[in-house]
Amino acid sequence: RVRAFLTTSEGRSVFLPSSLLVKFALIVMGFITPTILLFFLPIFLWEDLVVFWQALRRKIRRPVLTLRGWELITTGIVFIIMGIILSMIWGANLSLLILAITDLSLLFTAPLAVLWTAPLVYFTKVKVMTAAREYLGVVNPVVVGITGSYGKTSTKEFTAAVLSSKYKTLKTEASHNTEFGIARKILKDLEPKIQIFVVEMGAYKKGEIVKLCDFVRPQIGVLTAVGTQHLALFGSRENIMLTKKEMQPEST
């Protein structure tokens with residue numbers, strides 16, 4: 001997903017700010033003349049002032065601290081601590097170089113956070129999904145599964161609004177449409193009185209809709225549309241079409 005993001009104009013813009021290019025240039029020159037890395041200090045100050053100004057103008061969106069979010073924060077802090085420890089061990093010039101490299105290493109926080117926390121996330125996910133699958137079987141509501149390239153969340157909201165006028169209805173949160181997000185919703189809000197559970201189902205590759213269907217076992221399936229969203233992840237429009245066709249409700 002990171003690789004696909006970097007192929008977009010938005011993704012490429014992450015690596016194009018002037019301060020970032022200057023940092024790369026300073027690090028390269030720093031191997032020859034380490035004192036030149038002192039120029040990092042005004043760059044850091046400028047970046048801090050920009051972030052502070054954006055925060056005052058409320059242009060920075062506050063992220064939701066999910067499990068993945070805490071992984072990113074933890075990984076970033078580990079990078080910073082490692083840089084500080086190494087800089088305390090070696091000389092001043094080399095310390096500047098280490099801190100500069102540590103700063104740029106934060107660009108790769110996301111994929112590294114996913115890699116080193118994968119075992120913990122896997123076992124947590126298995127535990128939560130097992131409990132959610134068992135509890136869903138006990139409550140046994142009619143499950144309406146909704147998937148498509150776009151329009152999933154809106155269709156889910158409309159469907160739940162209509163059904164709730166007659167039945168006790170529960171729907172998945174916002175655009176949370178992964179196995180783990182659905183499982184957490186089940187354990188948190190699925191009460192015994194719920195008659196219908198409207199589930200949004202998302203996918204980034206073939207086989208993921210099949211897994212979701214095996215998990216929640218929808219009796220009714222809704223396919224909104226097939227487009228080219230996430231084309232870089234799927235590889236082709238045909239793969240997107242095949243993935244959406246994986247929606248196989250049990251009774252309809």
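**Entry 1: ground rules**

Contact means heavy atoms within 4.5 Å. With that in hand, I looked up L72: leaving aside its neighbours within four places in sequence, L72 is in contact with T109, A110 and A113. I am working with a predicted model, where local features need pLDDT of at least 70 and side-chain atom pairs count only at pLDDT 80 or more, while totals for chains, interfaces and linings use all residues. Residues are numbered from 1 along each chain as its sequence is written, and side-chain values use heavy atoms, with hydrogens and water left out.

**Entry 2: confidence and layout**

I checked pLDDT next, which is the predictor's confidence in each residue, from 0 to 100. The protein has a mean pLDDT of 79, and 79% of its residues reach 70 or more. I then asked myself which element has the lowest mean pLDDT and which the highest. Helix α12 (residues 231-234) has the lowest at 58, and strand β2 (residues 169-171) has the highest at 96. A note to keep: where pLDDT is low, the predicted coordinates should not be read in detail.

How many helices and strands does the protein have? I found 13 helices and four strands. Both are DSSP runs numbered from the N terminus: helices are H or I with at least four residues, strands are E with at least two. Of the contacts with a separation of 6 or more, 73% are between residues 24 or more positions apart.

**Entry 3: surface and burial**

Accessible areas here come from the Shrake-Rupley method with a 1.4 Å probe, and for residues only the protein chains shown count as cover. The protein exposes about 15900 Å², with carbon and sulfur atoms supplying 66% of it. Buried means under 20% relative accessible area, exposed over 50%, and partly exposed in between (1.4 Å probe, protein chains only). Of the 252 residues, 33% are buried.

**Entry 4: helix α5**

Back to L72, which I found in helix α5. L72 is partly exposed, because its relative accessibility is 34%. The C-alpha atoms of L72 and V114 are separated by 8.2 Å, and the two residues are 42 apart along the chain.

At 34% relative accessibility, I73 counts as partly exposed. I73 belongs to a nonpolar surface patch with L65, W70, I77, I81, I85, I89 and W90, and together they have about 780 Å² of accessible area. Patches are made of residues with over 30% relative accessible area and no salt bridge; like charges are joined within 9 Å, nonpolar side chains (Val, Leu, Ile, Met, Phe, Trp, Tyr) within 5 Å.

Is K156 buried or exposed? K156 is buried, since its relative accessible area is 0%. This lysine is in helix α9 (residues 152-163). Not counting residues up to four places away in sequence, K156 touches I146, K171, T172, E173, A174, V198 and E200.

A salt bridge is a side-chain nitrogen of Lys or Arg within 4 Å of a carboxyl oxygen of Asp or Glu. I counted seven in the structure. K156 has one with E157, where the closest N and O atoms are 3.6 Å apart. E157 is partly exposed at 29% relative accessibility. E157 also bridges to K171, with the closest N and O atoms 3.3 Å apart. K171 lies in strand β2 and E157 in helix α9, so this pair ties together parts that are 14 residues apart in sequence. K171 is partly exposed, with a relative accessible area of 32%. Together, K156, E157, K171 and E200 are linked in a network of salt bridges.

I also noted E191 with K193, whose closest N and O atoms are 3.5 Å apart. E191 is partly exposed at 39% relative accessible area.

**Entry 5: rings**

Rings of Phe, Tyr and Trp (its six-membered ring) pair if their centres lie within 6.5 Å; planes under 30 degrees apart count as stacked, over 60 as edge-to-face and the rest as tilted. By this rule I found one aromatic pair. Y122 and F123 form it edge-to-face, 5.4 Å centre to centre, with 75° between the planes. Y122 is exposed at 52% relative accessible area, and F123 is exposed at 58%.

**Entry 6: positive phi**

Which residues other than glycine have a positive phi? N140 is one, with phi near 55°, and R217 is another, at about 50°. N140 is in the loop between α8 (118-139) and β1 (142-147), and is exposed at 57% relative accessible area. R217 lies in the loop between α11 (208-216) and β4 (220-223), and counts as partly exposed at 47%.
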